[in-house]
Amino acid sequence: MPALSIIVPTYREAENLPRLCEQVHRIILGDHGIDYELLVVDDQSPDETVDVVEVLSKAYPVRLIQPAGRERDLSRSVIDGFREAAGDNIVVMDADLSHPVDKIPELLEVLQTGEGRLVLGSRYVAGGSFDRAWSFWRYLNSASATWLAAPLTSSRDPMTGFFALRRRDLPDLTALRPIGYKIALELMVRGGFQEIVEVPIGFRDRTIGESKMTLGQQFKYLRHLRRLYLYRYGGFAEFIHYGAVGASGFVVDIAFYYVLQFVGLDHRVARGVAFWPAVSWNWALNRLTTFGDRRRRPRTRQWIEFMLTSGIGFVLNWGVYVTLTSTIGFFDEFRILALVTGIVVASLFNFMAASLFVYSDRRA
Ligand code: GDD
Ligand code: MN
């Protein structure tokens, strides 16, 4: 049994694997005398990966794992790797040499001292770095993804794909439900790893091949986050989510309210009309996201139910606005406050109606 299993999820990385194997072998076995196995978990790459690993396996302790019967997914590939790992220690890393191989011994050392059960290679602790070539946009993207996960973990770089743990500390793998890239975050939240140590690493952008991080992956991250928030915070997470959807609908509402007045509508009429696109927006978003895991009612039926309940909400919303602006001088002067009050009153009613009625079918 090797001391270390290195799990490398791959998709179209045939060109990077020889360099990775060479580095790992030279540094891990050669310089540090650590007996290892390297598991390439490949999601049916349409390139030479199979042949390349076949050749490499003659010179290095490399094994190809080709999971079948599921969608292509980085996190699920790592879990498949966990299942096959034979080493006492496990390291997960990317194939594209973004993660410094020579940091692996340091991750393992921290594991040995028992300081942490999950050791992350982190870009955002003192001494760590991300690629200088990163555009401001990419940095902002990474930073906001990290920020969105802040209430879930104290880690500075929960997005990392480079980490180590002991095999005997692996959680029940059937209980994990990640989607996309953030397997480390899944382990921290659902895997129950509390003692996390972060070792600074320099992240380098790949020089060969291209990243598989797409817009689709970013949406997967949002879905994954939602699962983790529900797991950690239950119904409260749902309420916050509903509130966030409402806030986005508020923007739609305001936009229509002003644009309609700009094209000449009376402010009271504008208020009444703007409400409809805004609430339709909320309905669709709640159906897709907030209550996305509830059983879906037929669209038309739900639309009608929605119309009925929001009709009441509408009367409340508009009624509060008109009543306040026509009876209280203060509100006529600061109409936006009357608008907000109308929205708050209607939202309370709408949330209850939504949760208890419109989206009430819980999945079995
Ligand atoms: N098996 C499998 N299935 N592997 C995949 C898949 C997949 O669907 N998608 C990507 N991979 C592999 C890649 O081949 C690579 O070895 C590794 O996962 C990382 O993919 P990249 O496409 O290189 O990701 P990245 O460089 O944009 O993202 C890396 O840095 C991020 C932080 O900036 C990863 O380490 C992320 O986990 C990390 O969040
Ligand atoms: Mn990469």
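Before we start, one ground rule: two residues count as in contact when their C-beta atoms, placed from the backbone, lie within 7 Å. Keep in mind, too, that this is a predicted model.

Let's begin with helix H9, residues 267-290, and helix H10, residues 299-327. Two packed helices are described by the angle between their axes and the distance between the axes. Here the axes come within 11 Å and cross at roughly 145 degrees, and the crossing is right-handed. On the H9 side, the residues involved are Arg268, Arg271, Gly272, Phe275, Val279 and Trp283. They meet Phe306, Ser310, Phe314, Asn317, Trp318, Tyr321 and Val322 of H10. Sorted by class, that contact is made up of 8 nonpolar, 3 polar and 2 charged residues.

Now, what else does H9 pack against? Its buried residues pack against helix H8 (235-262) and helix H12 (335-358) as well as H10. Among those buried residues are Arg271, Phe275, Val279 and Trp283, which also turn up in the contact with H10. Asn282, Asn286 and Arg287 of H9 are buried too.

On to the nonpolar cores. The largest has 60 residues, and Ile6, Val8 and Leu38 touch the most other members. Helix H6, residues 183-189, supplies the largest share of this core, with 6 residues. Leaving aside residues up to four places away in sequence, Val8 touches Leu20, Leu38, Leu39, Val40, Val41, Met93 and Ala95. Apart from this core lies another, of 11 residues, including Ala278, Trp283, Phe291 and Val358. That brings us back to H9, where Ala278 and Trp283 are both buried.

Note on methods:
Residues are numbered from 1 along each chain as its sequence is written. Chains are lettered from A and ligands numbered from 1 in the order in which they are written. This is a predicted model: local features need pLDDT of at least 70, side-chain atom pairs count only at pLDDT 80 or more; totals for chains, interfaces and linings use all residues. Axes are lines fitted to C-alpha atoms, for helices over the stretch in contact, and angles run from 0 to 180 degrees between N-to-C directions. Helices (H or I, at least four residues) and strands (E, at least two) are DSSP runs, numbered from the N terminus. A crossing is left-handed if the near helix is turned anticlockwise from the far one by less than a right angle, and right-handed if clockwise. Ala, Val, Leu, Ile, Met, Phe, Trp, Tyr, Cys and Pro count as nonpolar, Asp, Glu, Lys and Arg as charged, and the others, Gly among them, as polar. A nonpolar core is a set of buried Ala, Val, Leu, Ile, Met, Phe, Trp, Tyr and Cys residues joined through C-beta atoms within 7 Å. A residue is buried if 20 or more other C-beta atoms lie within 10 Å of its own, exposed if 12 or fewer, and partly exposed in between; C-beta atoms are placed from the backbone.
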